[in-house]
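Please find below a colleague's note on the structure shown. The points take up backbone geometry, the ligand site and the record annotations in turn.

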Amino acid sequence: MVDRPKKPSALSATPGLAPQAQVTISHSNNRVSAVLPTGESIEVLLFGATIISWKDAKGGEKLWVSGKAKTDGTKAVRGGVPVVFPVFGTAPDHAATSKLPQHGFARTSRWEFLGKSTSESSSISGSGDDSVKLDFGLSPSNLSEGSRKAWPFEFGLIYSVTLGRGILSTSMVVRNEGDEAWEFQTLMHTYFRVADIAKVEITGLESSQYLDKLTTPIPSTATSPSASLKIAAQTDRVYSPAGGPEVPVVIKEGGKETFSIVRDNLNEIVVWNPWEAGAKATADFEPKDGYKEMVCVEAGAVKGWVKLEGGESWEGGQVVTAL
Ligand SMILES: O=P(O)(O)OC[C@H]1O[C@H](O)[C@H](O)[C@@H](O)[C@@H]1O
């Protein structure tokens, strides 16, 4: 596979060449879309570097986005794949991040589009681009004054979103650009679209430790049974899958595998579904029975903290395959 970063886009129009991926910036420079020669596509908002659409070659949407999601930068997007950084949830007991809002500032900041690169198929000659990678960057200069004050550290994030044939992969490089050490959590908050939650089961989380965030007053830890996970009520759990990141977490519907998630350096999987009451209580969740058509399966590094000394970097990611 040949990676050709910064391939001139003029090549796209050259006659005789195998079909190329097309990348478009639209909505007054607020949105980046990519389409593969197969017709598969993604759309990413610069606001939050939020992926708001991933379609297969037939135009079938793979992600769930609320009908009341704000895409104008006034609120984190309810759906798609928001990026969580530098804190998952809130952390009142972690002094350095205690002033940040739920899930941090990455999902509510405007990122920079750093460019695209494509790779061609090595196996099917003349079939054109196999994948397209979009890179997005976030640094302190992109933050609001409030976020900068609440988290005054020197950092650089590069978030890469790659659309391949039947594959959506997201990876994050986090770099400490200062001299002082700091800690973070990060997560890719993927809202998967399903046809009927009653028919969904998730495998790869069997016999694993999990934290149930719905138990009060203190979230409790437990070990999951050896059977697959079915969702029949409000669910908000942080799993540490027993098989580790390389063992796929698979979403099945009606017994058929629909998505597989393989992770690198993201040791936890959060499973979230607000169910009826949670959807009702969430103003931007529409339609109210939309909880039947989604499940969040979120790959993250959210148990404890990743510490970076000055100049150090960390990288993690997930590869989601539509089956
Ligand atoms: O409403 P949001 O801030 O977008 O969070 C939505 C959900 O995100 C994660 O899945 C958390 O585990 C949940 O506790 C939270 O409710």
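**Notes on the backbone and the ligand site**

1. Pro 217 is located in the loop that runs between β14 (209–212) and β15 (220–223). The peptide bond between Thr 216 and Pro 217 is cis, with omega at about 0 degrees. The model is a predicted one, and this geometry should be read accordingly.

2. A cis peptide bond also joins Glu 286 and Pro 287, where omega is about -5 degrees. Pro 287 belongs to the loop between α2 (275–281) and β21 (294–308). For context, most peptide bonds are trans.

3. What is the phi of His 27, which is not a glycine? The value is positive, about 50 degrees. His 27 sits in the loop between β2 (22–26) and β3 (31–35). As a general rule, most residues other than glycine have a negative phi.

4. Which residues surround the ligand? They are Arg 78, Phe 88, Gln 102, His 103, Arg 107, His 189, Lys 213, Asp 236, Val 270, Trp 272 and Glu 298. Sorted by class, this shell contains 3 nonpolar, 3 polar and 5 charged residues.

5. For Gln 102, an N or O atom of the side chain is 3.0 Å from an oxygen atom of the ligand. For His 103, a polar side-chain atom lies 3.0 Å from a ligand oxygen atom. For Lys 213, a side-chain N or O atom is likewise 3.0 Å from an oxygen atom of the ligand. On its own the ligand has 390 Å² of accessible area, and the protein covers 84% of that area.

6. Turning to the record, the unreviewed UniProt entry carries a "binding site" annotation that covers Arg 78, Gln 102 and Arg 107. These residues span 30 residues in sequence, yet no two of their C-alpha atoms are more than 13.4 Å apart, so they gather at one spot. Arg 78, Gln 102 and Arg 107 are included in the lining of the largest pocket. Arg 78 itself lies in the loop between β5 (50–55) and β6 (83–84).

7. Where does UniProt place the feature "active site"? The unreviewed entry assigns this feature to His 189 and Glu 298. The two span 110 residues in sequence, yet their C-alpha atoms are not more than 4.7 Å apart, so they gather at one spot. His 189 is found in the loop between β11 (182–188) and β12 (191–193).

How values were computed: Residues are numbered from 1 along each chain as its sequence is written. This is a predicted model: local features need pLDDT of at least 70, side-chain atom pairs count only at pLDDT 80 or more; totals for chains, interfaces and linings use all residues. Side-chain values use heavy atoms; hydrogens and water are left out. A residue is near a molecule or strand if one of its heavy atoms lies within 4 Å of it. A polar contact is a pair of N or O atoms within 3.5 Å; within protein, one must be able to donate a hydrogen and the other to accept it, and residues adjacent in sequence count only if both atoms are side-chain atoms. Accessible areas come from the Shrake-Rupley method with a 1.4 Å probe; for residues, only the protein chains shown count as cover. Ala, Val, Leu, Ile, Met, Phe, Trp, Tyr, Cys and Pro count as nonpolar, Asp, Glu, Lys and Arg as charged, and the others, Gly among them, as polar. UniProt positions are given in the numbering used here, feature names are shortened, and annotations may be inferred rather than shown by experiment. On a 1 Å grid over the protein atoms alone, a cavity is a set of points where a 1.4 Å probe fits but cannot get out, and a pocket is an open set with protein on both sides within 12 Å along at least five of seven lines; lining residues have an atom within 4 Å of a point. Helices (H or I, at least four residues) and strands (E, at least two) are DSSP runs, numbered from the N terminus.
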